[in-house]
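Biologist: I would like to learn how to read a protein structure one feature at a time. Could you take me through this one?

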Amino acid sequence: MSDLKFSVVGDSASATQFIGKTRQFTLVVDEPEALGGTDEDANPVEYILAGFAGCANVVGHLVAKELGFTIKSLKIEVSGDINPNRFLGTSTEERAGFKTINLNLIPETDASIEVLTKWLQIVEERCPVKDNLQNKTPLKISVEKEYTAI
């Protein structure tokens with residue numbers, strides 16, 4: 001299979017809110033009131049955590065099928081710790097991103113602990129979001145200025 005391209009395009013609705021489109025979906029990104037937002041939706045780092053949980057869910061079910069067992073239900077808990085000082089511009093001591101992210105998968109299944117250990121290892125190896133969070137991904141960030149031609 002060749003590479004797949006995913007993209008989001010959108011506009012700033014306010015200083016704290018972004019409304020984006022991806023495929024046929026609208027994504028609203030906002031900040032909680034404590035960070036100056038209107039708390040209308042999840043913030044950017046919560047979307048990262050949700051993306052990680054969603055990816056682990058998809059890969060987890062796929063790998064379970066490959067290993068020949070059924071997941072009756074899968075509870076996923078994901079959390080991360082961020083010091084907001086760099087983001088807020090009050091310090092350069094801390095990094096801007098997550099210090100740690102913890103993902104806990106709690107499957108309801110008849111699979112043995114040995115099979116679940118193998119399952120978890122494969123899920124970790126194949127989850128694209130985990131790969132992006134754990135490894136450097138080349139980023140190209142640019143700015144364009146809109147202008148009107150005369």
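Modeller: We will go through ring pairs, salt bridges, surface patches and backbone angles in turn. Keep in mind that this is a predicted model.

Biologist: Let us begin with the aromatic rings. How many aromatic pairs does a search of the whole structure find?

Modeller: The general idea is that a pair of aromatic rings is described by the distance of the centres and the angle of the planes. Here the search of the whole structure turns up one aromatic pair. The partners are Phe 69 and Trp 119, with ring centres 6.3 Å apart and planes at 75°, so the arrangement is edge-to-face. The reasoning needs one cut-off: planes over 60 degrees apart count as edge-to-face.

Biologist: Where do Phe 69 and Trp 119 lie?

Modeller: Phe 69 is in the loop between helix 1 (44-67) and strand 4 (71-81), while Trp 119 belongs to helix 3 (residues 113-126). The pair therefore ties together parts that are 50 residues apart in sequence.

Biologist: Are Phe 69 and Trp 119 buried or exposed?

Modeller: Both Phe 69 and Trp 119 are buried. For that word, the relative accessible area has to be under 20%.

Biologist: Now the charged side chains. How many salt bridges does the structure hold?

Modeller: In general, side chains of opposite charge can pair when their charged atoms come close. This structure holds four salt bridges. One of them joins the side chains of Glu 66 and Arg 126, at 2.7 Å from N to O. Glu 66 sits in helix 1 and Arg 126 in helix 3, so this pair ties together parts that are 60 residues apart in sequence. Arg 126 is partly exposed, since its relative accessible area is 37%.

Biologist: Which residue forms a salt bridge with Lys 72?

Modeller: Asp 110 does, and the closest N and O atoms of the two are 3.1 Å apart. Asp 110 lies in the loop between strand 5 (100-109) and helix 3, and Lys 72 lies in strand 4, so the parts tied together are 38 residues apart in sequence. With 69% relative accessibility, Asp 110 counts as exposed. Lys 72 counts as exposed too, at 52%. The cut-off for that word is over 50%.

Biologist: What about Glu 94: which residue does Glu 94 form a salt bridge with?

Modeller: The partner of Glu 94 is Lys 99, and their closest N and O atoms are 3.4 Å apart. Glu 94 is partly exposed at 26% relative accessibility. Lys 99 is also partly exposed, at 46%.

Biologist: Next, the surface. Which residues gather in a patch of negative charge?

Modeller: The patch of negative charge on the surface is made up of Glu 33, Asp 39, Glu 40, Asp 41 and Glu 46. Take Glu 40 as an example. Glu 40 is in the loop between strand 3 (25-29) and helix 1, and its 57% relative accessibility makes it count as exposed.

Biologist: And which residues form a nonpolar patch on the surface?

Modeller: Met 1, Leu 4 and Phe 6 form it, and together they have about 480 Å² of accessible area. Met 1 lies in the segment before strand 1 (9-12) and counts as exposed at 95% relative accessibility. Lys 5 is also placed in the segment before strand 1, and at 79% relative accessibility Lys 5 counts as exposed.

Biologist: Last, the backbone angles. What is phi of Arg 23 near?

Modeller: The background is that most residues other than glycine have a negative phi. Arg 23 has a positive phi, near 50°. Arg 23 is in the loop between strand 2 (18-22) and strand 3, and with a relative accessible area of 65% it is exposed.

Biologist: And where is Asp 39, which you named in the negative patch?

Modeller: Asp 39 is in the loop between strand 3 and helix 1. Its phi is positive as well, near 60°. At 48% relative accessibility, Asp 39 counts as partly exposed.

Terms used:
Residues numbered from 1 in each chain as written. Predicted model: local features only at pLDDT ≥ 70, side-chain atom pairs only at ≥ 80, totals over all residues. Heavy atoms only, no water. Phe/Tyr/Trp six-rings, centres within 6.5 Å; stacked < 30°, edge-to-face > 60°. Helix = DSSP H or I, 4+ residues; strand = E, 2+ residues; numbered from the N terminus. Buried < 20%, exposed > 50% of the residue type's maximum accessible area, 1.4 Å probe, protein only. Patch = residues over 30% accessible without salt bridge, like charges linked within 9 Å, V, L, I, M, F, W, Y side chains within 5 Å. Areas by Shrake-Rupley, 256 points an atom, 1.4 Å probe, with all protein chains shown as cover. Lys, Arg positive; Asp, Glu negative; His and termini not counted. Charge placed at Lys NZ, Arg CZ, Asp CG, Glu CD.
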